[in-house]
Amino acid sequence: MTVKEVQLTAASTPVAVPGRHRRDLPPPTRGRAWDEVPRWQIYVPLGVYLLFTLIPFYWMLLFAFRPGGSTSLVPWPLTFEHFDKVWNERAFATFFQNSLLVGVASMLMTTVVALAGGYALARFDFRIKQGFLLALLCSQFIPGALMLVPLFQIFANLKMINSLGSVIIAETVFQLPLTMILISGFIKNVPMSLEEAAWVDGCGRFRAFCAVVLPLLRPGLIAVGSFAFVHSWNHFLFALMFLSDQDKQTIPVGLATLMGADSVDLGALAAGGVVAAVPVVIVFAFIQKWLVTGFSAGAVKG
């Protein structure tokens, strides 16, 4: 091979350049990164959404703490006359106690029953499993108002009309399907190998569930239980239909009694709304970290 042929061969051979391999090239980017988005495009929509969210709450607080007959846009001087009126004259102390009893009882019953059903759906295979899941999902399309007449007849036969027990049972039944599906998803994310290791160590199924699975379900149970409590606390229809005595009514029904046919006491109604909202705000303030963890745990099957 002549010198000229060697030079031509060397010129046509590709030279490997360090750092230029295909795997070293940065992946192509699609669209703009979040760091390149102007801050006003993020904060302006969030600010508008926050404004529309907070204005109704501010309006409620304004009427609750503003003296009667005042037209000021600032609740000053502060007054608690509306709270005194609804708490003492309108028996909101009794309504609050009844709502707390209904909310806590329905939350506990819903969580315990859904925990047993969710475990069965997650760990056992049976012939009608898919049909049962489909029935649970379809039950969510049935409005509560459609079941008022049969429920009223059932509770009348059981002598439970005008009893808080009827409201607790109705709330529990209507919250069970969705709660059972959610808890089933949480249990599926707990590896079966953990339970099997407990069985090898001598634990029965129930003891292994209590010692191994149940502690891992705490975020999901807190999330599900909190929503069950809030739903029962705010629900109006069942308490209105099944309770007739004033000393048995709950806060939503008590708020409805503040609106007369000809006039509405806005100050008392706003104060009652604040009383009704305080427990819900406190609950979500203390469990917000568990809510994110709980629902993210059930979002992806492990």
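Which Phe residues do ring pairs link into a cluster? They are Phe-152, Phe-155, Phe-174, Phe-238 and Phe-242. Rings of Phe, Tyr and Trp (its six-membered ring) pair here if their centres lie within 6.5 Å; planes under 30 degrees apart count as stacked, over 60 as edge-to-face and the rest as tilted.

This is a predicted model, in which local features need pLDDT of at least 70, side-chain atom pairs count only at pLDDT 80 or more, and totals for chains, interfaces and linings use all residues. Residues are numbered from 1 along each chain as its sequence is written, and side-chain values use heavy atoms, leaving out hydrogens and water.

Searching the whole structure turns up 15 aromatic pairs. One of them joins Phe-65 and Phe-83 in a tilted arrangement, 5.0 Å centre to centre with 45° between the planes. Because Phe-65 lies in helix α2 and Phe-83 in helix α3, the pair ties together parts that are 18 residues apart in sequence. Both Phe-65 and Phe-83 are buried (under 20% relative accessible area, with exposed over 50% and partly exposed in between, using a 1.4 Å probe and protein chains only).

Now to a helix pair. Helices are DSSP runs (H or I, at least four residues), numbered from the N terminus.

| Helix | Residues |
|---|---|
| α5 | 129–139 |
| α7 | 164–188 |

α5 and α7 pack at about 130°, with axes 8 Å apart; axes are lines fitted to C-alpha atoms over the stretch in contact, and angles run from 0 to 180 degrees between N-to-C directions.

Note on methods: Helices (H or I, at least four residues) and strands (E, at least two) are DSSP runs, numbered from the N terminus.
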